[in-house]
Amino acid sequence: MEQYVAGLDDTLTKLALGQDSETIRVATSTLNTQFYNTSQCVPALVEIITKSPHVQVRQLACVELRKRISKWWLEQDEATSAAIRAKLLDIVLHEQQNLVLHAAARVISAVARIDIPEGKWQELLQFLYQCCNSPNAAHREVGIYCLYTLFETVSEVFLEHLSNLFELFAKTLNDPESKIVRVTTVQALGKVAEFIEPENKEDVRMFREMVPGMVNVLEQCLAESDEENAGKGFEVFDTLLMLDTPLLSNHLAQLVEFFLNVGGNREIDDSLRVMALSFLMWAAVYKQNKLRSLKLVGPMIERIMPIGSEEDPEDIDEDSPSRLAFKVLNSLATNIAPQQVFPIVLQNVINYMQNPDANYRKAAMMAFAVVIEGCADFMRPNFNDLLAIVCHGLKDSEIIVRRAACMALGCLAEELDQEVAENHSTLLPLVFNLMNDTNPEITKHACNALDAILEGLGDDVVQYLPMLMEKLLQLLDNAPQTETKATVTAAIGSAAHAAGEAFQPYFPEVMPRLRHLMTLKASNDEQLLRGVATDSTGAVAEAVGAQMFTPYIQDVMQLAIEGMQLDSSRLRECSYCFYSIIARVFKEDFAVYLPTIMPSIIASCQAEEKDDFNLEGEIDLTTSDFDDDDDGFSPFSFNSAIADEKEIAADALGEIFENTRSLFLPYVEPTMNELVLLSAHISEGVRKAVTNSFFTFLQTFYVMSSPAQWIPGLPLKYTVHENVDSMIKLVLPATLKMWDEEDDKMVVVQICQEFVETIKMVGPAVIADHVDPICQHLLEIFEKRALCQQEDEVEDGLVDEDEQAEYESMLVGSASDLVGALAQAIGEGFSNYFNGFLPHITKFYKKTKTGAERSMAIGCLGEVIGGIKGGVTPHTEQLLTLFLKAAADQEEEVRSNAAYALGVLSAYTQYDVSSQYNTILGALYPLFQSQTLPNVTDNAAGAVARLILRNPEAVPLDQVLPTFTTALPLKRDYEENEPVFECIFALFRANNSFVMGHIPQFLHIFAQVLGEEGQVKDPTKASMIELIRALDAQSPNLNIRSSELAQYL
């Protein structure tokens, strides 16, 4: 044994003190092959820890021992085990070096994990309690640290004696001598917190009593500028925020005040201020309801805004108080109702824009930029006034303000693209001017803003193309910074996307430049540029079309494949996006590349994720630092770059199958297997991509089966192809399992949207076996009981239900769309489910709700009635009252949905509502007058048509038809052409005096409708042509044969 110990000691010493990689490699190999393959290594390592004179060797021996315990501990005889336990306790009492001490404590923890559940080493806890109460500070430090590490592995032992533990921690939190004891107690309390259940009120109460003492410890660390220990305290408070158990609630107001003071104190080190602001950012996520009920949102914004006026560091990746301040504002905006956030931010923005100090004006623009994401719908009605503020910033004399204003404009263009596009004549000249700025930073940000504007511009871009392309190509050729070139390249792609075929004249100039950029690879900057060029080449290909792009296809596909094979997640992402677009452009012709690209896409789905920290506490043997402290331990590994790559790969699979169809079939099984595995990925982006591809696969199989039109109703009245059925049986259980466990709102939104789209295409076959669980999930959303809505405990009922964050509105909106789609697919059989949904949906129609929410409620009810038809009868009176009120709503979208709902309710209820016709017509009449949203009048015309079809005698036709006819042809909502023309045909059949007296006017309407593809469905088109022929035969003097309708005779 002595020889074995000496050999092990010698090898460990070489490893710990070795300077060259070869020595380290040989030593590592020797350890694994000659020493760690026998149970003797355990007592031998203990002996080395007790005797080695080298700190590094003792620490390394502890680390290695901990890793061997799980394999070899049970192989030791009882006498050896007892001796080792005693030696370990002796080591922690006498070891002077903290690194060794901590590593040894974790060995004790590893042994205890095995022994204590077996009823062994009972004296350990008694020993640690004695240490914690020792008059010797070093012993107290050992005791509390061992308790902390032990809690990670054998927590159940402590949970039975929590009151004793809290009693001990109350003392150690206030240790008179040792800061280490106080800080470790805070960390230990952080561990304890993870095991306290909300229903254990006494445990919650005892923990809450500890919070002020924990804050005191953090305050002491800050006062001493002890960044390391303060960091540990901040980390614990961040963890407490995220737990389901409301441990901080009683102290949240004081905590927010404390962290605001730290965050705003310029005397404190920036890194500590960043940590304090980070707590406030997470508080907005996890304690949003509590912040609202305590009325802390306004004071937080007022205190955060000045921090934003501090100078930012040069390095854009470096966190600073000012940057964290904007993250806090973004977190408030995206998690809390915009009514509570935006007005206060806006008032500060207006005030700061008047400040002579440019840093305040910069803060105003940045604050405005970061709250757009969560407040876009709320901002929409006042868009023009808000845009004026940004335009003012774009013209500011100071660079930092103009740069921030460009960011604000970019955010506006992303979230409110339609409104920004409508103001192109104001904005683009301003942006073009900034692109001429002498400062390259401004040029870059102006191009970013331009890129965002172009994304939503559509045909309006054509008038600017000559000047725009000249400017972009000049910048591309001459910009000094790679980053600016990348932004310009992206803007070229967006210009192509917006312009479509109108981009063709610029293709010969643009394509050689993009091709050159796709060859770059020498540095990270060049690879960044290569990636952007790959993206833009895809946009250009889609704009100019397959025919024009064909000469380049082989060359650029080869470059994209080369990029995919370089060691860069980002380039693989760009290649996968490129393949998706090229597959869209070239359809089945793209399939020739599948054997080359599919192995790589599947490999990306399978890529192993390892983060920068190593979870098993493995150490880098090429450094002298063997700190085995696992405080950053996480039960999962996560690497955001690889997660992004998986997201794009998963998304590309659906897109490529959709476009290559039968030629993709050999890859369906392996890719579906990968998608199912990825459906439980920690990244919400990956889960959204998986959901998208699941349903794309299902829809593609359906389209490939050349299906007949589906028939509503359950049990099913039609069949689907066996491939479609197999895909339903795979996709639905996987998706519902995701939904059961999904805690991210936007993933649930995606699931709902995919269901809606697929049900509309495939019909009730998709959900035939799963209606109950889907409806249960939807009910939970309406009742705010869904897992993704449980960010925060709601206490005292103080939260105003009429104000909710926009993500919550999107969630409820997507759920209501799915209710409507289910009703359309299931038909009258959905009536029983509707009875449960009705009260939840109607509560979204009241004055205090936003226009979007009111529109959602009325729109959903109209969709459902269109599906359940006669099943709406019991609710007729309630809904008629509601829809009449909504028809006079101040928001046009609500009025439009109300018109549709009045029409379908009147058409399908089995009650005779003809006595209400005059009231209904009175509500609809104003909707024919000067509505800026064409859908309003279209839906009003559809409603009138349905009233006439249901009971023509109850309608004063001579008064109604002149107004009705002025709305024709419909401008946007062509679905309503079906009832409108069914009504007109019926009036012609009945020889109605108005229509017979206005035949030329109706013929003109028919000509317009028939002249535009997609205005009416085929049966309606056939009936219209039949009527035209009858009128021609009946009245040759109408001269139809010499009109544009002659082609239909």
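Visitor: What makes you say that the charged end of R68 sits over the ring of Y36?

Guide: Before I answer, please note that this is a predicted model, in which local features need pLDDT of at least 70, side-chain atom pairs count only at pLDDT 80 or more, and totals for chains, interfaces and linings use all residues. Residues are numbered from 1 along each chain as its sequence is written, and side-chain values use heavy atoms, with hydrogens and water left out. A charge sits over a ring if NZ of Lys or CZ of Arg is within 6 Å of the ring centre and within 35 degrees of the ring normal. The charged end of R68 is 4.0 Å from the centre of the Y36 ring and is counted as sitting over it; K869 likewise lies over the face of Y908, at 5.1 Å from the ring centre.

Visitor: Why is the pair of Y576 and Y579 called tilted?

Guide: Rings of Phe, Tyr and Trp (its six-membered ring) pair if their centres lie within 6.5 Å, and planes under 30 degrees apart count as stacked, over 60 as edge-to-face and the rest as tilted. By this rule there are 33 aromatic pairs. For Y576 and Y579 the centres are 6.2 Å apart and the planes stand at 45°, so the pair is tilted.

Visitor: How do you know that Y579 is buried?

Guide: Buried means under 20% relative accessible area, exposed over 50% and partly exposed in between, with a 1.4 Å probe and protein chains only. Y579 has a relative accessible area of 0%, so the residue is buried, and the value for Y576 is also 0%.

Visitor: Why is the pair of Y579 and F590 called tilted?

Guide: The ring centres of Y579 and F590 lie 6.4 Å apart and their planes are at 45°, so this pair is tilted. The pair links distant parts of the chain, with Y579 in helix α31 and F590 eleven residues away in the loop between α31 and α32; helices here (H or I, at least four residues) are DSSP runs, numbered from the N terminus.

Visitor: Which residues do ring pairs link into a cluster?

Guide: Such pairs join F234, F237, F258, F259 and F279.

Visitor: What makes up the lining of the second largest cavity, by class?

Guide: Ala, Val, Leu, Ile, Met, Phe, Trp, Tyr, Cys and Pro count as nonpolar, Asp, Glu, Lys and Arg as charged, and the others, Gly among them, as polar. On that basis the lining has four nonpolar, two polar and one charged residues.

How values were computed. Helix = DSSP H or I, 4+ residues; strand = E, 2+ residues; numbered from the N terminus.
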